[in-house]
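Hello,

Here is the structure for your files. My notes on the contacts between the chains come after it.

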Amino acid sequence: MAIRSFTRPILYALLIALSCFYLMPVYVMIITSLKPLEEVTLSQMWQLPTSLDFSSYSEAFTKLAPNLLNSFYLVIPATLLSALLGSLNGYVLSKWKFKGANTLFTIILFGMFIPYQSILIPLIQFLREIGLYNSIAGLVFVHVVYGIPITTLMFRNFYASIPDSMIESAKIDGAGFIGVYRFIMVPLSITGFVVVAIWQFTNIWNEFLFAVTITTSDQQPVMVALQNLSGSQIVQWNVQMAGALLAALPTLLVYIFLGKFFVKGLLAGSVKG
Amino acid sequence: METETTMRSVTVTTRKKRSLTKDHMLAIGFLIPSILLVGVFVYGFIGWTGYVSLSNWNSLVPDFSFVGLKNYLYLFGDFRFQADLRNTLFFTIMFILAVIVVGQILAILLDQKIQQESLFRNIFFFPMALSFVVTGVVWQWLLNPSTGVNLFLAKLGLDSKWYTDTTIFPAIGWGKIEFGIPIAMIAVVIAAVWQMTGFSVAMYLAGLRGVPEEVREAARMDGANEFQVYWKIIMPILRPITVSVIIIMAHISLKIFDLIYAMTGPGANFVTDVPGVYMYETTFRGNYYANGAAIAVVMLLAVAIFIIPYLWSSRKGEA
Amino acid sequence: MKGRLKSFTGWFLIFVLALGPLSACSSSNETSGGSSNEETLDIFSWWTGAGEEDGLNALIDLFKEEYPDIEVENAAVAGGAGTNAKAVLASRMQGDDPPATFQVHGGSELNDGWVAAGKMETLNDLYEAEGWEDKFPEDLIDLVSKDGDIYSVPVNIHRGNVLWYNTSVFEENGVEPPKTFDEFFTAADQLQEAGVTPLALGDKEPWTATHLFETALLGTLGADNYKKLFTGELSFSDPKVKEAVENFKKMLSYVNEDHSSRNWQDASQLVADGEAAMNVMGDWAKGYFVNDLNLKVKEDFGWMATPGTEGMFMVITDTFGLPKGVSNPEDVKKFLSVLGSVEGQDAFNPLKGSIPARVDADLSNYDEYGKETIEDFKSASLAPSLAHGSAAPEGFVTKVNQAINIFVTQQDVDQLISSLEDASSDLK
C-alpha cells in the first residue's frame, strides 16, 4: 500500500527534512573533528574549518588502535554468549512453561532495571575474589550476566510468535526439548539472533561505566580509551570527535550490513510481542 | 552411543508423559545458570544495596551499623532528590511518548515503498551506533542558547533557552520544590529521542510489514480513509510492539546517566538532574555510600511501580 | 533423532567450550594480576589528558632511568574529573588491594579521607632522609600532615584564585584590573554599559560556581578566617560570611546569561573572544589559553589575584602517598623520592602547566606566568581550596556544591547560609 502519487513529493520532502535533523549532530561532529584546536569553540561551531586538518584522526587513531582489539575481544564473545543464554531462557520460558514460569520471567526481567552505579563496589570485590578483575574475561562475564534480562525478554517475545502447533507436531515426531530447540527454534530465530546481537553489540561496545571501573590501562576497551583522550581539566574536542567517529565505525558497519535483518528479525518476532 | 540409544528408546516407548516431564526437567535445568547468575548479581547485590542503605556508611570507612530509615528520611527531605524524582517522572513520560510517536511516524513514512529506503533507514538508525558520552556533548553544543540551533531558529522568530531554562511548568509547590514539567528537560528529551528512536522505528517498521495487505484493503472497502486505517486497524495490531518499546525505553530512561552527565550535568537549580547522576556523585564524590544506596533502592521501587502492571497484564493475556 | 541429539551435544559442547576459555583466562589473569601487585608499581591517577599524561610519563621515564629494575605501570582511570578514579580507588582500598601509590589532593581529601580511615603509612622518615622539611613550604607540608605526621608528597601546585582578563577589552574600555570588590564592581558596571559581559562563568559542572564562591569567601574573610571556617572556629552564620555571599551574589549579576550551558572551557572562550572581559578559574586555564587557543601570555590575556585576595594563594596540590598493605613499600618510596626531587618536579610541571611544589625548582623551565606564580607562592599565605577538596571533606564539598547550584538560580542568601550551616555538621 502506498500513499497516492501526488503526495509523494511531500513524503520525500518530509523524509529529507527529518534526515537533515538526524544528521545535524553528525555534521557538527565531522566538521569539529577536522578543525585545528583553536577553531574548536562554541562561537565557531557551525563554521566549516578554514583548512582541512586530519591530524585529529591520526592522533585519535594511534591512541585508540590498541584498545580497538580489546573491544572486539570483549564484544564478540559477550554478544554470542548472551544471545545463546537469552535464547535458551526465552525458549524455556515461552515453550516449556511450568508452574511459576511467568513469575520467574518477571523476576529475571526486573534485573534489567538495576542501576549499575549502585552495585559497583560489591561487583568489583566479587570479580577480584574470583580473579576476573581487570580482565576482558571479567568484563565479558559482567555483560553476559547483566544482558540476561533483556536478551531473555527479546527471545521470549520472539518465540511466542512461533506457533505451539509446530512444537506439538515435532514432539509427536519424537523430538524432545533439545531437538525442538535445535531443529525448530534455532533455524526460525536466526533473524532473532541478529536483532539481539545488534542490540547487545551496540550496547556493550558503547558501555562505559563497567569498562572504566573493571579494567585498567592495557585491558581497556575503546570507549574508555576514547574518554582517556580528554584530560581531567582540558578536553580537546577535535580529537575527541574524531575518536568518537572512529570508535563508532564498527557499530555503524553492523547497522549498515545487518540493518535489513534487524527489521526482518523484528518482523518475524515481535509482532505478537 | 549406548546412552543415546537407551535415551532414544525411552523417548519412543514412553512417548508422551515421561518425555514431557523429563524434558521439563531439562528445560528447567537450562534455566538454572541464568537463575543463579541473576540471583547473585541482581538480587544478591540489590540485597547488599538495601543493607547498605540502612547503614551508617557515609564516609570512606565502611560502617555497617544499622540506622534504620535515616538515609531515606534525609533523601526525601532533600531538595535535590525531590527535584530528581520530578525530573525522572517527566523525562520518562516525555521520552517514551516521543519515542513511540516519532518512531511510528518515521516507520509509516519508511513503509511507503520509497526509493532509497535503506539509506533513510540507516540515517535514522545511525545515532544508536554512537555513544551517549559523545552525543551528549554534541547536543549540548547544538542546544546552547547563544550559539546552537537558536542561530537558525532566531531567523524564524523562535527562541528557546533550552536546557538552561529553569522554568517549571506549572509550578505547584510540593515539598521543597516546585512540581511540574521542567522545561529544560525537553532539550534532554530531544537528544535522547534522537538517539533511541532508531530502535522503535525498526520495531514499528517490522510491525507494519507484518500487517497483511488484505486487512487494510478490507478496511478501505468499508470506506475508511488512510488515517482511519492507521488509527483503527494498524494501531491496535501494533499495540504489543508498543508495550515492548515502552519496557525497553523505560529501562533506559529510568537509569539514564551518561547522556545527562555529558550533556547538561545536574543543571541550574537541578532542573536536569536525575537519580543516576545524584547517586554517582554522592557515592563516589561525597563518599555517602549509604545515601547513594538508598537512592538506588528508591529507583528500583519506582521501576517496580512501572513494570508490575505490565507483567501482570502480560500474564493475564497468556494464561 | 540420534543425529539430532548428537548435534545438540555438539552445541552444548560449544557452549561449554565458550565458557571454558573464560574460566581459563580468568585463572591466568588472576596469577598475572596477583604478580603485578608483587612486582610492578602501579601508579594510580586520573591524569589521562594531553599535557598531564605527558607530565606523568616524563616522571615515570625519569624514575625508570634511575631504577631500571622496577616495573612501573601507569594505571590512570579516565573521566568525570576523577570521579571514576575515585570509584575504582574506593573499591580497591576497601578490598585491601591498594595501588602502589595514588593521586590525592593534599588537605582534607587526604587527611580526613584516607588517613582518617587508617589506610595510609606515614612518610616522616622519607622526608627526613631526603631533607625535604625545608624544601616544601611549611603551609604545604601542613596540608599533607595529620597530627604531626606526614602522609604524602606533593608533586605540583595549581593556583585557584586567579582572575583572567582580556587585555584588549580592558584597554578599549579603559578598565584597570580590579584589586578589590569595589573596584571589581565599578569595572563590571563600566564593561556592562559598553556591552561586554563583565564576568564569564560556565557552571554546567557545579564546582565552577563553588570555585567562584570560594574566592569570594577568601577575598572577603582573608586567609586566616577562611581557614577557620573549616576547623569550626568560625561559624557560617558569621556576618562576614554573609558579606561574602552578598559579594558572590553581586558577582553573579554580571555573568553571561547562558552560564549553565557552558563548562569552564566554554566560559574561557568568551574571554578569549572578547565577548566577556574576565573570568575566575584555576591556572589550568592558562594552559587552555596558551596551548589550545594559541593566545599569548600578557599580550592577549592578563591575570591577577581575584578581588581582595592579593598576597593569598588558593592552593590545589596533587600529592602521592603510600597506602598501607602494599607489598613493595620500599619501591614506592623510591618512586616518591623521584617525584619529590627537583628533577622530578621540573619534569612534570612544565608539561602539566602547574608550578612545582618545591621552593627550589629551576625557574628557567617555566613561562612568565609560571615564574611570577612561583614567586607569589613563596611569599603568599596559603589557603586550601574548598571546591577541589583540600579545605573540607568531600562529603561537605558535595553538599556545598548542591547549595551553591540552588543559590545561583534562586539567589536566596539566607537559605544558602543555613544550608552551609547544616552541611557544616559534616566537618567534624
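**Chain C against chain B**

The rule finds 1 salt bridge between chain C and chain B, a salt bridge being a side-chain nitrogen of Lys or Arg within 4 Å of a carboxyl oxygen of Asp or Glu. The side chains involved are those of Glu394(C) and Arg285(B), at 4.0 Å from N to O.

The conventions are as follows. This is a predicted model, where local features need pLDDT of at least 70 and side-chain atom pairs count only at pLDDT 80 or more, while totals for chains, interfaces and linings use all residues. Residues are numbered from 1 along each chain as its sequence is written, chains are lettered from A and ligands numbered from 1 in the order in which they are written, and side-chain values use heavy atoms, with hydrogens and water left out.

Between chain C and chain B there are also 11 residue pairs in polar contact, both at pLDDT 80 or more. A polar contact is a pair of N or O atoms within 3.5 Å; within protein, one must be able to donate a hydrogen and the other to accept it, and residues adjacent in sequence count only if both atoms are side-chain atoms. On the side of chain C that touches chain B, H16(C) gives the most, with 10 residues; helices are DSSP runs of H or I, at least four residues, numbered from the N terminus. By class, that side of chain C has 12 nonpolar, 14 polar and 11 charged residues (Ala, Val, Leu, Ile, Met, Phe, Trp, Tyr, Cys and Pro are nonpolar, Asp, Glu, Lys and Arg charged, the others, Gly among them, polar).

In total, 37 residues of chain C are in contact with 41 residues of chain B, contact meaning heavy atoms within 4.5 Å. The two chains bury about 3200 Å² between them, 56% of it on carbon and sulfur atoms; this is the accessible area (1.4 Å probe) lost on being put together, summed over both parts.

**Chain B against chain A**

Here 102 residues of chain B and 98 residues of chain A take part in the contact. The buried area is about 9200 Å², with 77% from carbon and sulfur atoms. In chain B, Phe41(B), Gln112(B) and Trp141(B) lose the most area to chain A, together 8% of what that side buries.

The rule finds 0 salt bridges between chain B and chain A, but 17 residue pairs in polar contact. Helix H1 of chain B (residues 2-53) supplies the largest share of the chain B side, 21 residues. That side has 71 nonpolar, 17 polar and 14 charged residues.

Regards

Terms used: Helices (H or I, at least four residues) and strands (E, at least two) are DSSP runs, numbered from the N terminus.
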